[in-house]
Amino acid sequence: MSIAIHKYDVVIVGAGLAGCAAAREASAAGLSVCVLTKLHPLRSHSGAAQGGINAALSAEDSIELHEFDTVKGSDYLGDQDAIRLMCSKAPETIRWAEKMGAVFSRNDEGKIAQRPFGGQSKPRACYAKDRTGLTLLQTIYEQAHRDGVEFKDEYYVADILYKDGKVNGVFAYNLVDSTPMIFNAKAVMFATGGYGRAFKINSNAHANTGDALSIVARHGLPLEDMEFVQFHPTGIAGSGVLISEAARGEGGILYNSLGERFMTKYAPNKLELASRDVVSRAITQEILEGRGCGADKDHVLIDLTHLGEKIIMERLPELRDLAITFLGQDMIKEPISIAATAHYSMGGIPVDINGHVRKNTQELVDGFYAAGECACVSVHGANRLGANSVLEALFFGRHVGENIVKDLKENKIAFKDASSNDADPILVKIEKVRTSNGNERVPKLREELQQSMTENAGVFRTEKSLLVQKEKLKELKQRFNNIRIDDKSKVYNTDLQEAIELSHMLDFSAFIVEGAILRKESRGAHYREEYQARDDENFLKHTMSYMDKDGNLTTEYMDVVLGHHELAARTY
Ligand SMILES: Cc1cc2nc3c(=O)[nH]c(=O)nc-3n(C[C@H](O)[C@H](O)[C@H](O)COP(=O)(O)OP(=O)(O)OC[C@H]3O[C@@H](n4cnc5c(N)ncnc54)[C@H](O)[C@@H]3O)c2cc1C
């Protein structure tokens, strides 16, 4: 079949903060840039970031301290060269965003206000009320538009064109009418965000299905540190919708059903402001031991009433709205019901410090880049600190954009023409899904996937639960071959899209489970009940797993980049 081939210098998949920032840099340098996104750019999950973006701006803070907090927060698995780069560029990133037009909240002196967040030694999170992500995304998107970036919304990217160690472009189809297309480019960048939708209780947008990870993995390329999934302590009970860490930063206090401030037991110094993994485990432990609240004893309470109406309306208006909408609880008047929720993915597509995708522990792929939550550069190691991820997306987005410009100017990547035949095998696969006529239903399989991932690969993990999950995933993959799609049309076929997304979730979930089985220690967000201590001797290393054509995984390990922050116990 002959299909259209569009040519650009740079094609970026994803229009969140990472994608928009990279696109803006590349376009401002005179390159032709196209951004493909399955959503309208402003609906990217970056827009949901409420709490803030870290930078050591105040006189009492320092870059060194930001770096130290990040290394410690990562449970020493973060690569210290990348952490140093990000923390040292954070103040400049804030100034850049301001210059672009983002308006941050101010303190009484007229300086950018900063709030405390978990695991940070100083108030460091800059914010725009509790709409930080949306403010930044709107600003950078507008600027990228002005600088000539071509945005194509509602285009679903289903594969990369990868040959002889080089990525030459992507395959996408238009969601409006399923028209397939090739986007042929010198440089391709993935900025497709997180993948929390693999879990039942999660804070992520419906679109966060990790497409890019499975696309990459199906070409035999590695995924890194996938076992590290962050559970945020304060998801709205039942749904997992996020109550930002700003709630704890502003002074929220956690209580169990006995009215005990239980964090005094788990983190006597930092209390509610210990890092996320510590607080999430504490909440889950209280619930497991029967001290949860409500009829089902399945949540705890966060109390903000002592802040008073003025502060809540000034600093947490969106959070108040969310709790009223989803729980019918007004945080000005009463404590609200929360439990841990799958929130952020530390692992992802492995990249070097300049965003080049790794082919293995030694080599890089030509013409292929990634940044933001889908990438693993690894600044968060085993656990991300709040407000470091918007920083990562914005800083590394820009930085990788600059590196693409540099690589192209130095002629490091040659343009390779794509042919429409390149799309044939991909079209066959999509057609097979669209016309499938079995008897399994996608929503049912998705529900089983999410439920079982939360149960068996969640906050607490055991060898047994993980092996059960490994089998469950094999079963679900088998059953996926027998799905039925009722909508056979080509116009806005959301059934087709959801089926493809489910297939992606099944593939990358296997990496989460495999990494978790092999990592016989507890570190950061990964907690194994049989191995409750961190084991630096055997596991101070990055997991790199590869999938073969039959879906079997093999794993090797990659060294962590250490620096001048010595290994130490992580206590709060
Ligand atoms: C509720 C919530 C609150 C948060 N609050 C904070 C916070 O206060 N501070 C902080 O530091 N971090 C926060 N985070 C995390 C942070 O917001 C994200 O990690 C970050 O914004 C990710 O940005 P991104 O650019 O990598 O991806 P995203 O913003 O998620 O964008 C992904 C893009 O990829 C596109 N895409 C994906 N797959 C495809 C495909 N197959 N084809 C085409 N397009 C595709 C999507 O359309 C979208 O445009 C929060 C996260 C959540 C869920």
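A: Start with the polar contact, a pair of N or O atoms within 3.5 Å; within protein, one must be able to donate a hydrogen and the other to accept it, and residues adjacent in sequence count only if both atoms are side-chain atoms. This is a predicted model, in which local features need pLDDT of at least 70 and side-chain atom pairs count only at pLDDT 80 or more, while totals for chains, interfaces and linings use all residues. Residues are numbered from 1 along each chain as its sequence is written, and side-chain values use heavy atoms, with hydrogens and water left out.

Q: Which atom of the ligand lies 3.2 Å from a backbone N or O atom of Leu-17?
A: An oxygen atom of the ligand.

Q: How much of the ligand does the protein bury?
A: Accessible areas come from the Shrake-Rupley method with a 1.4 Å probe; for residues, only the protein chains shown count as cover. Taken alone, the ligand exposes 1000 Å², and 97% of that is buried by the protein.

Q: Which residues around the ligand come nearest?
A: A residue is near a molecule if one of its heavy atoms lies within 4 Å of it. There are 38 residues around the ligand, and Ser-44, His-45, Ser-46, Glu-373 and Ser-389 come nearest.

Q: Are Arg-124 and Asp-69 buried or exposed?
A: Buried means under 20% relative accessible area, exposed over 50%, and partly exposed in between (1.4 Å probe, protein chains only). Arg-124 and Asp-69 are both buried.

Q: What does the salt bridge between Glu-463 and Arg-528 tie together?
A: The closest N and O atoms of Glu-463 and Arg-528 are 3.0 Å apart. Helices (H or I, at least four residues) and strands (E, at least two) are DSSP runs, numbered from the N terminus. Glu-463 lies in helix H14 (residues 463-480) and Arg-528 in the loop between helix H15 (494-518) and helix H16 (536-539), so the pair ties together parts 65 residues apart in sequence. Glu-463 is partly exposed, at 27% relative accessibility, whereas Arg-528 is buried, at 0%.

Key. A salt bridge is a side-chain nitrogen of Lys or Arg within 4 Å of a carboxyl oxygen of Asp or Glu.
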